Amino acid sequence: MNASDLMVKCLEEEGIEYIFGVPGEENADFMMALEKSKKIRFILTRHEQGAAFMAEIYGRLTGNPAGALGTLGPGATNLITGVADSNMDRAPMLVLTGQGSTDRLHKESHQIMDVVAMFKPVTKWATTILNPETIPEIIRKAVRLARTEKPGAVHIELPEDIASMPASGTPMLPRRFRRSVPDDKIVNQAFEMLTSAQRPIIIAGNGCIRRRASAQLRELCEKTGIGVISTFMAKGSVDMDADYCLYTVGLGSKDRVSQAIDDADLVITLGFDMVEYHPQLWNSHKDKKILHADFLPAEIDEHYHPETELIGDLAHTLWMLNERVAEHGLPNFDLELQRKVRADMAADFAEHKDDDTEGSIRPQKALWDARQVMGPQDVLLSDVGAHKMWIARHYQCHEPNTCLIPNGFCSMGFALPGAIAASIVSPERRVLAICGDAGFLMNVQEMETAKRLNSNIVAMVWEDNEYGLIAWKQESHYGRHTDLAFGNPDWNGLAAAFGWQGHYVSNARDLEGTLDAALAEDGPSLVVIPIDYRENALLTKKLGEITCAI
C-alpha cells in the first residue's frame with residue numbers, strides 16, 4: 001500500500017461518496033488508487049470551478065462533504081472560486097489538490113506555487129501531506145472540521161512524490177459527538193426576554209435549514225404565532241403556507257417585511273450569518289433588542305450587539321425554549337402588523353400570475369409558474385444576477401434546502417453545475433436551475449457533463465443580453481449604466497450541440513406548460529425566456545415608496 005491507497009481508504013472510512021474534478025499529472029497516482037474504490041465515485045467535470053460547485057451543493061444537501069479535485073497550479077486556481085463560495089455559504093467540502101515533488105517546492109519550478117497559502121483565506125484549514133503516516137490523522141481532522149459548525153471547506157495537498165511512497169497506517173474510525181448546548185440559566189434569561197415582549201419577530205438564517213432546527217422552529221411558531229422572516233439561504237425553514245411565514249428579507253432596499261422588523265420590540269435571530277444581510281440595514285439606529293441563538297457567538301458589530309446569546313446546538317436550543325413555552329405559556333402577542341405584511345407580500349407574488357404578454361416575460365410570472373410546477377420537495381437553484389433578487393423575493397418554499405441560493409460569496413456560474421449535483425443526490429426530485437444569460441455561459445461547458453451523466457435537470461435562462469444586475473444597480477445609483485451588453489448564442493442550437501432538449505418561450509401563456517414538460521423529459525433540458533427587466537426599475541420605485549405604518 002502506498003500513500004494514495006491509504007488516503008482513499010481513509011476517505012472511504014469517512015463515508016465520502018463522491019469526488020468531482022479534473023485530474024492532472026501530479027495526482028495520477030491518487031487517481032489510480034481512487035479507480036479501485038468500490039465506495040467512492042469520481043465524477044469527471046469539464047472545469048474545476050464546476051467541480052467545486054458540484055461538491056458545494058452535495059454538501060449543502062447532505063450535510064456531508066464531497067471532494068473537489070484539481071491538479072497543481074492552474075487546476076488549483078480554477079477551484080478557488082467555488083471553494084470560497086462553499087466556505088462562505090457554510091457547505092462542507094474537501095478540496096484535494098496535487099502538487100509537484102517536494103524536492104522542487106523550494107525553488108522556481110514549472111507550475112509550482114504555494115497552493116496551501118492561496119487556499120488558507122477561503123477554507124477552515126489548509127495543509128499539505130509531507131509524511132504518508134500522517135494521512136489518517138489529516139483526513140480525520142479535515143472531515144471533522146468540514147462538518148463542524150459552521151461547516152465549510154478544508155484543503156489537503158498531496159505532492160506527487162509523497163503520493164507514491166509506501167504507507168503502513170490504517171484509517172481512523174470516525175467518532176461523532178453531540179454538540180454542546182446552552183446553559184439552563186441563559187435559556188431562562190432568553191425566555192424572560194420573550195415573555196416581556198409584545199411584538200417579537202424571528203429572523204431565520206442559514207443555520208435554520210438543518211432539518212432538526214427547522215422542525216423545532218416550526219414547533220415554536222405553532223405554539224406562539226411569532227412571525228419568521230428568512231434570509232435568502234434560510235428559505236423553507238418554515239413552510240410558505242404557514243400563517244407565521246413572513247417570507248424573505250435581504251434586498252438592499254427596504255421591503256414590506258422590513259416594516260415588521262421596524263415594529264418589533266424583540267428581534268430573535270436564529271442561525272443568522274451577517275454575510276447574508278447586514279444588521280445595519282435592519283438596525284440602523286442600533287436600538288433593537290436582540291436575542292442571538294446560533295452554533296457560534298455573534299460577530300462583533302455595532303449594529304448587532306445582542307443582549308443575550310444562546311450558544312450551542314441550535315435545534316436543542318429551540319427545544320429548550322419550546323419546553324419552557326409548553327410549561328409556562330406566553331402572553332398574547334400583538335402580531336397584527338405581521339399578518340398585514342404577509343398579506344401584502346402574498347398580493348405582490350400573485351400580481352402577474354395571469355400575465356399573457358408576448359415577446360417578453362415578467363420575472364414575477366416566471367417565478368409564479370416555476371412554483372406551480374415544482375413540488376414541495378423539488379429543488380430550485382439560483383445563479384447570481386438580477387434573477388437572484390427576484391427569486392429571493394418571489395420564490396418561496398415549503399421545505400428546507402429546496403431553494404439553493406449562493407448568498408455569502410455570491411459567485412456567478414453556480415447554478416448549472418450545482419443542479420447536476422442536486423440530481424445526483426436526489427434523482428427522484430425535479431431540479432430546476434434559474435440562470436441569467438451571463439452566469440449560464442460562465443460554466444456552459446458543464447452541459448456536456450450533464451448530458452454524459454444523463455442528469456434530469458432543467459436550466460431556465462433569463463435572457464436580457466447584458467449584465468442585468470449591474471445595470472439595475474448603476475441605474476438606481478447614477479440614473480444610467482455603462483456599456484454592459486453582449487451577444488448570445490442560438491439557444492436551441494446550443495442545446496442541440498450538447499445533446500440537450502431545447503425550448504425558447506417568448507409568450508407568457510406558454511411558460512408553465514413548457515416548464516412542466518421540460519421537467520418531465522429524460523435527461524437535461526434548456527428553457528430560455530426573454531425576460532422583461534423593465535420590472536427592475538419598477539420594483540426599485542415600489543420599494544422606495546414603502547413607509548412603515550407603525
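## Ground rules

Helices (H or I, at least four residues) and strands (E, at least two) are DSSP runs, numbered from the N terminus. Residues are numbered from 1 along each chain as its sequence is written, and side-chain values use heavy atoms, with hydrogens and water left out. Keep in mind that this is a predicted model, where local features need pLDDT of at least 70, side-chain atom pairs count only at pLDDT 80 or more, and totals for chains, interfaces and linings use all residues.

Rolling a probe the size of a water molecule over the atoms shows where empty space is left. The search here uses a 1 Å grid over the protein atoms alone: a cavity is a set of points where a 1.4 Å probe fits but cannot get out, while a pocket is an open set with protein on both sides within 12 Å along at least five of seven lines. Lining residues have an atom within 4 Å of a point. Grid points are joined across faces, edges and corners, and a volume is the space filled by probe spheres set on the points.

The largest pocket holds about 1200 Å³ of space. It has 40 lining residues, and Gly63, Arg147, Glu149, Arg179 and Arg210 are the closest to its centre. Four helices each give at least two residues to this lining: H3 (48-62), H6 (135-147), H9 (211-224) and H11 (314-328). The largest share, 4 residues, is from H3. Sorted by class, the lining has 13 nonpolar, 11 polar and 16 charged residues. (Ala, Val, Leu, Ile, Met, Phe, Trp, Tyr, Cys and Pro count as nonpolar, Asp, Glu, Lys and Arg as charged, and the others, Gly among them, as polar.)

The second largest pocket has about 610 Å³ of space. Its lining is made of 36 residues, with Gly385, Met389, Leu469, Trp472 and Lys473 nearest the centre. Helices H14 (386-394), H16 (437-442), H18 (468-478) and H21 (534-544) each supply at least two of the lining residues, and H18 gives the most, with 6 residues. The class count for this lining is 18 nonpolar, 12 polar and 6 charged.

How many cavities of 30 Å³ or more turn up in a search of the whole structure? There are 4. The largest cavity has a volume of about 60 Å³, and you'll find Met7, Asn27, Phe30, Leu69, Leu96, Thr97, Gly98 and Leu158 around it. Strand E4 (residues 93-99) provides the largest share of that lining, 3 residues. The lining has 5 nonpolar, 3 polar and no charged residues.

The second largest cavity comes in at about 40 Å³. Lining it are Ser230, Lys235, Gly236, Val238, Met240, Cys245, Tyr247, Thr248, Gln396 and Cys397. Here the largest share, 3 residues, comes from strand E9 (residues 245-248). By class, this lining has 5 nonpolar, 4 polar and 1 charged residues.

## Helices that pack together

Two packed helices are described by the angle between their axes and the distance between the axes. Axes are lines fitted to C-alpha atoms, for helices over the stretch in contact, and angles run from 0 to 180 degrees between N-to-C directions.

Take H10 (residues 256-263) and H12 (residues 336-350): they pack at about 170 degrees, with axes 8 Å apart. That makes H10 roughly antiparallel to H12 (angles under 35 degrees count as roughly parallel, over 145 as roughly antiparallel, 65 to 115 as roughly perpendicular and the rest as oblique). Contact means heavy atoms within 4.5 Å. On the H10 side the contact is made by Arg256, Val257, Gln259, Ala260 and Asp263, and on the H12 side by Leu337, Gln338, Val341, Asp344, Met345 and Asp348. The contact has 5 nonpolar, 2 polar and 4 charged residues.

Now try H13 (residues 363-373) and H14, whose axes come within 10 Å and cross at roughly 55 degrees. That makes H13 oblique to H14. Pro363, Gln364 and Leu367 of H13 meet Trp390, Ile391 and His394 of H14, a contact with 4 nonpolar, 2 polar and no charged residues.

## Two backbone details

Glu149 and Lys150 are joined by a cis peptide bond, with omega about -10 degrees. Lys150 is in the loop between H6 and strand E6 (153-159).
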